[in-house]
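Here's a quick briefing to read alongside the structure. Have the sequence handy and follow along.

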Amino acid sequence: MASFNCTTAASVHTTVTIDAAVFAPDGHTFVRTSATGPLQQPEEAGRRTGEQLLRDGAAALLHPLPHTP
């Protein structure tokens with residue numbers, strides 16, 4: 001009878017994904033992005049998501065909104 005040994009390397013990768021969008025007041029124009037990062041550093045994924053939204057023009061979509069104190 002043959003004997004087989006099987007060795008499998010296994011690891012668990014826990015990540016956080018942030019999907020975000022900014023819509024213009026008309027609701028039709030928007031920018032959308034997402035970022036994924038390690039579960040231990042969700043702030044980093046959030047920062048990258050926000051920076052990408054700004055690069056894609058999110059600030060211009062929000063500019064027409066009135067500022068509240």
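Let's start with Thr 49, which counts as buried because its relative accessibility is 3% (buried means under 20% relative accessible area, exposed over 50% and partly exposed in between, using a 1.4 Å probe and protein chains only). Thr 49 sits in helix α1 (helices are DSSP runs of H or I with at least four residues, strands are runs of E with at least two, and both are numbered from the N terminus). Keep in mind that this is a predicted model, where local features need pLDDT of at least 70, side-chain atom pairs count only at pLDDT 80 or more, and totals for chains, interfaces and linings use all residues. Residues are numbered from 1 along each chain as its sequence is written, and side-chain values use heavy atoms, with hydrogens and water left out.

- Leaving aside neighbours within four places in sequence, Thr 49 is in contact with Ile 18, Ala 20, Thr 33, Ser 34 and Ala 35 (contact means heavy atoms within 4.5 Å).
- Thr 33 belongs to strand β2, and it counts as buried because its relative accessibility is 14%.
- Not counting residues up to four places away in sequence, Thr 33 touches Ile 18, Asp 19, Ala 20, Thr 49, Gln 52 and Leu 53.

**The strand pair**
- Strands β1 (residues 15–23) and β2 (residues 30–38) run antiparallel, joined by nine bridges (two strands pair if DSSP finds at least two bridges between them).
- Thr 15 stands opposite Pro 38 in β2, while Val 16 stands opposite Gly 37 in β2.
- The hairpin of β1 and β2 has six residues between the strands, and Gly 27 takes a positive phi near 80 degrees there.

**The nonpolar core**
- Seven residues make up the largest nonpolar core: Ala 20, Val 22, Ala 24, Val 31, Leu 53, Ala 58 and Leu 61 (such a core is a set of buried Ala, Val, Leu, Ile, Met, Phe, Trp, Tyr and Cys residues joined through side-chain atoms within 4.5 Å).
- At least two residues of this core come from each of β1 and α2.
- Leu 61 touches Val 22, Ala 24, Pro 25, Thr 29, Phe 30 and Val 31, not counting residues up to four places away in sequence.

**Confidence**
- The chain averages a pLDDT of 85, and 78% of the residues score at least 70 (pLDDT is the predictor's confidence in each residue, from 0 to 100).
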